[in-house]
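Here is a short briefing on one protein model. Read it alongside the sequence and the coordinates.

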Amino acid sequence: LKRGAKLQEHEIKLRQMQTRAKLTSSLAWLSKFVELDATRTTLLTPYTRHELRGEAIAVLVTPTAYASVYHHIYPTEPLDHTSFWPLIHGLARRGIYVLEGDETAVNDSMLKQRNPFSELAHLALLDGLMAAYVSSVVTVERVVKAVRNVSSSFNPSKDLPASLEGALLLWVQKVTQAVNEARQLAEAGPPRVAGGSAPRQRRHNRMSRAAKAEGEGVTVLEVTDIAGGLADGQCLAALLLCYAPREMGWKDFYF
């Protein structure tokens with residue numbers, strides 16, 4: 001019984017840590033859209049060591065910060081900054097429903113509640129806003145262009161995606177493939193890739209040099225579906241290695 005209780009307690013703490021990590025990263029994204037420096041600083045440091053800061057709760061239980069993102073996505077749509085309902089209804093009109101993990105519909109009262117503060121309700125709204133933002137800035141054409149910049153194996157007649165999700169999956173797969181190729185090039189000899197565009201060559205050469213300089217690396221797994229394949233973080237790490245090498249290097253892979 002004691003072992004079972006400890007295991008349950010561990011699982012609860014793990015879920016709390018995961019929720020806190022997701023909310024922290026989501027608020028960092030939200031901070032990019034707010035105008036006031038004080039609000040931005042609050043969103044970037046939302047937690048003390050043990051709990052959500054009172055200043056962060058005060059910001060989040062009012063719609064203003066969320067409305068900043070919504071207005072950025074839909075600049076011609078007027079908003080009432082005293083209620084969350086325009087945000088919730090506006091997203092729903094576009095097929096994006098603000099639901100907690102158990103499919104409970106999030107409402108204005110839940111989002112304005114201070115004690116207890118509902119982290120899951122606010123995460124649901126943030127997820128909805130992120131989905132709306134992605135739909136507004138990501139197109140199949142843009143993704144295909146990004147794929148061409150990293151992959152020499154893109155075949156328009158065979159690989160051209162029919163949907164946005166398919167395009168994003170193709171992009172993730174091609175980036176992980178490019179990272180794997182860079183690893184193989186580093187192991188095989190001089191970090192050089194033949195053929196393709198100059199930007200693609202520079203990216204491959206840069207990753208190969210980094211892989212060779214840092215020693216042993218890993219082969220990143222390719223994904224077959226976005227929801228399941230990204231769960232372990234390897235492909236997200238590959239994206240960082242490809243596009244933000246100063247943030248993550250080969251030695252940062254621990255899978």
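**Surface and overall make-up**

The protein chain has an accessible surface of about 15,100 Å², and carbon and sulfur atoms account for 55% of that. The model is predicted. Its protein chain holds 13 helices and zero strands.

- Of the 255 residues in the protein chain, 38% count as buried.
- Take the contacts in the protein chain between residues at least 6 apart in sequence: 55% of them join residues at least 24 apart.
- Read from the N terminus, the elements run α-α-α-α-α-α-α-α-α-α-α-α-α.

**Nonpolar cores**

- The largest nonpolar core has 37 residues.
- Inside this core, L30, Y66, L91, L125 and L129 have the most contacts.
- At least two core residues come from each of α1 (2-31), α3 (54-60), α4, α5 (85-93), α6 (108-112) and α7 (119-137).
- Helix α7 supplies the largest share of this core, with seven residues.
- Setting aside residues up to four places away in sequence, L129 touches W29, Y66, V69, Y70, I73 and L91.
- A second, separate core has nine residues, among them V150, V179, C235 and A238.

**Helix α13**

- Helix α13 covers residues 234-243, and seven of its ten residues are buried, so this helix is largely enclosed by the rest of the structure.
- The buried residues of α13 are Q234, C235, A237, A238, L239, L241 and C242.
- C235 and A238 of this helix also belong to the second core.

**Second largest pocket**

- The second largest pocket contains about 220 Å³ of space.
- Its lining is made up of V34, E35, L36, T39, V59, T62, T64, A65, A67, S68, H71 and H81.
- By type, the lining residues divide into five nonpolar, six polar and one charged.
- Which helix gives the most to the lining of this pocket? Helix α4 (residues 64-73) does, with five residues.

**T39 in the pocket lining**

- T39 is one of the residues lining the second largest pocket.
- T39 sits in helix α2 (residues 37-44).
- Is T39 buried or exposed? Its relative accessible area is 17%, and buried means under 20%, so T39 is buried.
- Not counting residues up to four places away in sequence, T39 touches V34 and V59.
- V34 and V59 line the second largest pocket too.

Conventions. Residues are numbered from 1 along each chain as its sequence is written. This is a predicted model: local features need pLDDT of at least 70, side-chain atom pairs count only at pLDDT 80 or more; totals for chains, interfaces and linings use all residues. Side-chain values use heavy atoms; hydrogens and water are left out. On a 1 Å grid over the protein atoms alone, a cavity is a set of points where a 1.4 Å probe fits but cannot get out, and a pocket is an open set with protein on both sides within 12 Å along at least five of seven lines; lining residues have an atom within 4 Å of a point. Grid points are joined across faces, edges and corners, and a volume is the space filled by probe spheres set on the points. Helices (H or I, at least four residues) and strands (E, at least two) are DSSP runs, numbered from the N terminus. Ala, Val, Leu, Ile, Met, Phe, Trp, Tyr, Cys and Pro count as nonpolar, Asp, Glu, Lys and Arg as charged, and the others, Gly among them, as polar. Buried means under 20% relative accessible area, exposed over 50%, partly exposed in between (1.4 Å probe, protein chains only). Contact means heavy atoms within 4.5 Å. Accessible areas come from the Shrake-Rupley method with a 1.4 Å probe; for residues, only the protein chains shown count as cover. A nonpolar core is a set of buried Ala, Val, Leu, Ile, Met, Phe, Trp, Tyr and Cys residues joined through side-chain atoms within 4.5 Å.
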